[in-house]
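Dear colleague,

My notes on what was found in it follow.

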Amino acid sequence: MLIKSKKSSEFLESQVTDETIYQSRRKVLKQLGFVGASALLAGNSLPGKAWAESNSTFKTSALNFKKSEYTNVPDKLTPEQKVISHNNFYEFGAKKDQPAELAQHFKVDPWQLKITGEVDKPFTLDYDELFSSFTIEERIYRLRCVEAWSMVIPWLGFRLADVIKKAQPNSKAKYVAFKTLHDPKQMPGQSNRYLGGGIQYPYIEGLRIDEAMNDLTLLSVGLYGKTLPPQNGAPIRLVTPWKYGFKSIKSIIEIKLVEKMPKTTWNKLAPNEYGFYANVNPDVDHPRWSQASERRITSGGLFARNRIETQMFNGYGEEVADLYKGMNLGKYY
Amino acid sequence: MRNSVKILILKIITHCAALLPAVLMYYFAILDQLGSDPVEEIIHFTGISALNLLLITLLISPVAKYFKQGWLLNVRRLLGLYAFFYACLHMLSFLFFELQFDFSLFIDEIIERPYITVGMCAYAIITMLAFTSWGKIRKVLGKKWQTLHNYNYLLVTLVCIHFYWSVKSEIIEPSLYFVMLFILLYQRKDKFRRWFNK
């Protein structure tokens, strides 16, 4: 018999709001002609940021997926429109709205994801295999950005653990290193310092093997029932909900099992600000902003009262706290 | 055209150019039509606007001197006051919309985050300048008024530091502001030299 107890990371009914409210507001505004008028006044930069809706040319497709215990999380989802238009993906520009604008022509097919390194059976997944090799399930996770905003996103994906197990890691495999595609022709931020925020490309990330094997760690291939749009890391990205968003590397081409702790992009750039672990921790502040609370991005404008307290491990302590037993998380931030 | 007419026209233009964007931005932000995170958008917009206006006030006297258009100096105070207006919006938007009235967090942030400390110092200076900009107070202060208002140079420098310090890695835009600041201060090199040679 399946006894389902409520995890502390699950959401309360009271936290839930409805995406339809957001959409219906937009509809009313459109009917009133406000959106059009404003776009006329302010070009593409102002409220024309309703951009992704009208101008997205990238084609996503519906995915078949299984519902999981993480699917029925009764939290207020961040509206899809916001999830796909508010992105930190410096390869397509350092401003939040640039990736949605500049990534529309990104080619995801053909794609190759290599699983390599300290494994007995290295393998490669091509584009179709990303969606057919493992069982895709839906998981609603909170995403907490190091900049102190957060979202709630229905991801589609599969366990990283299943991918790693298939490759049969050997005893030297202590860490997992990830790499994003490097293609300056397609990713303007990689060739243009102004767009790319001056960080070093390709973007690299890493996890300890036990973090990678944790049940929460997801390789995502979709959101909101469809394949990922490029601004969210198509065709495949990492999702580690108890860590700050920058750990969730996008558009992955290589997963390499390694012996030593791999270098990571933001840690290289500013080691005092961005640690290797990057666990969400309300007690350890970023030098330039407090991490004790966050703003949940939902529907609702300037007056939305959406500041909430940040939870240790983003509320996923039950699942991951054991990984860090005995570690000083102030030092290993 | 008589100078008084030119001044009037320029003032009207200034009012429209300064007020209209603020009204529009808040209007769209309240309706959630300003990108995905209207709070971040508004804070950035008001901050940058305040900085732009401050730089324009610094631009006026070299331009007036170079083109021999002394009447331009008459709109300097108005621009400075609009910079103060945007600085108030910037600070209040941070308090009300970002921190959502958490006053203790507001105080903590001012003390603990160097870039916010710098920003608040700048805000204290611009408040002081705004409140002493009134003609009658200027007369009362006499010579001291100019000394006080020379803090404008420190103010703009602090605002540039505040901006530079607040970004994650995209330093090109704040760097461009430093370049503009340097050019504008360089125009006043003789003045600074005189201060230090006293």
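A salt bridge, as the term is used here, is a side-chain nitrogen of Lys or Arg within 4 Å of a carboxyl oxygen of Asp or Glu. The side chains of A:Arg295 and B:Glu98 meet this criterion, because their N to O distance is 3.2 Å. Please bear in mind throughout that the model is predicted.

The interface of chain A and chain B

Across the interface of chain A and chain B, eight salt bridges are found. The contact draws 46 residues from chain A and 39 residues from chain B. Between them the two chains bury about 3,600 Å², with 55% of this area on carbon and sulfur atoms. On the side of chain A, A:Arg288, A:Arg295 and A:Leu302 contribute 23% of the area buried against chain B, more than any other three residues.

Charges over rings

A further pairing involves both chains: the charged end of B:Lys168 is placed over the ring of A:Trp266, 4.8 Å from its centre. Within chain A, A:Lys247 lies over the face of A:Phe276, at a distance of 4.2 Å from the ring centre.

Aromatic residues of chain A

A:Phe276 also belongs to an aromatic cluster, together with A:Tyr175, A:Tyr277, A:Phe313, A:Tyr324 and A:Tyr332. Over all chains, the search of the whole structure finds 31 aromatic pairs. In one of them, the ring centres of A:Tyr277 and A:Tyr324 are 6.1 Å apart and the planes stand at 85 degrees, so the pair is edge-to-face. A:Tyr277 lies in the loop between helix H11 (265-269) and strand S12 (293-296) of chain A, and A:Tyr324 in the segment after helix H12 (317-320) of chain A, so this pair ties together parts that are 47 residues apart in sequence. Both A:Tyr277 and A:Tyr324 are buried.

A:Tyr277 forms an edge-to-face pair with A:Tyr332 as well, at 6.3 Å centre to centre and 85 degrees between the planes. This pair links distant parts of the chain, 55 residues apart, with A:Tyr332 in the segment after H12 of chain A. A:Tyr277 has 6% relative accessibility and counts as buried, whereas A:Tyr332, at 38%, counts as partly exposed.

An annotated span of chain B

Finally, the UniProt annotation "domain: Ferric oxidoreductase", from an unreviewed entry, covers residues 46-160 of chain B. In the model this span is 83% helix and 0% strand, and its end C-alpha atoms lie 14 Å apart.

With kind regards

Conventions. Residues are numbered from 1 along each chain as its sequence is written. Chains are lettered from A and ligands numbered from 1 in the order in which they are written. This is a predicted model: local features need pLDDT of at least 70, side-chain atom pairs count only at pLDDT 80 or more; totals for chains, interfaces and linings use all residues. Side-chain values use heavy atoms; hydrogens and water are left out. Rings of Phe, Tyr and Trp (its six-membered ring) pair if their centres lie within 6.5 Å; planes under 30 degrees apart count as stacked, over 60 as edge-to-face and the rest as tilted. Helices (H or I, at least four residues) and strands (E, at least two) are DSSP runs, numbered from the N terminus. Buried means under 20% relative accessible area, exposed over 50%, partly exposed in between (1.4 Å probe, protein chains only). A charge sits over a ring if NZ of Lys or CZ of Arg is within 6 Å of the ring centre and within 35 degrees of the ring normal. UniProt positions are given in the numbering used here, feature names are shortened, and annotations may be inferred rather than shown by experiment. Contact means heavy atoms within 4.5 Å. Buried area is the accessible area (1.4 Å probe) that two parts lose on being put together, summed over both.
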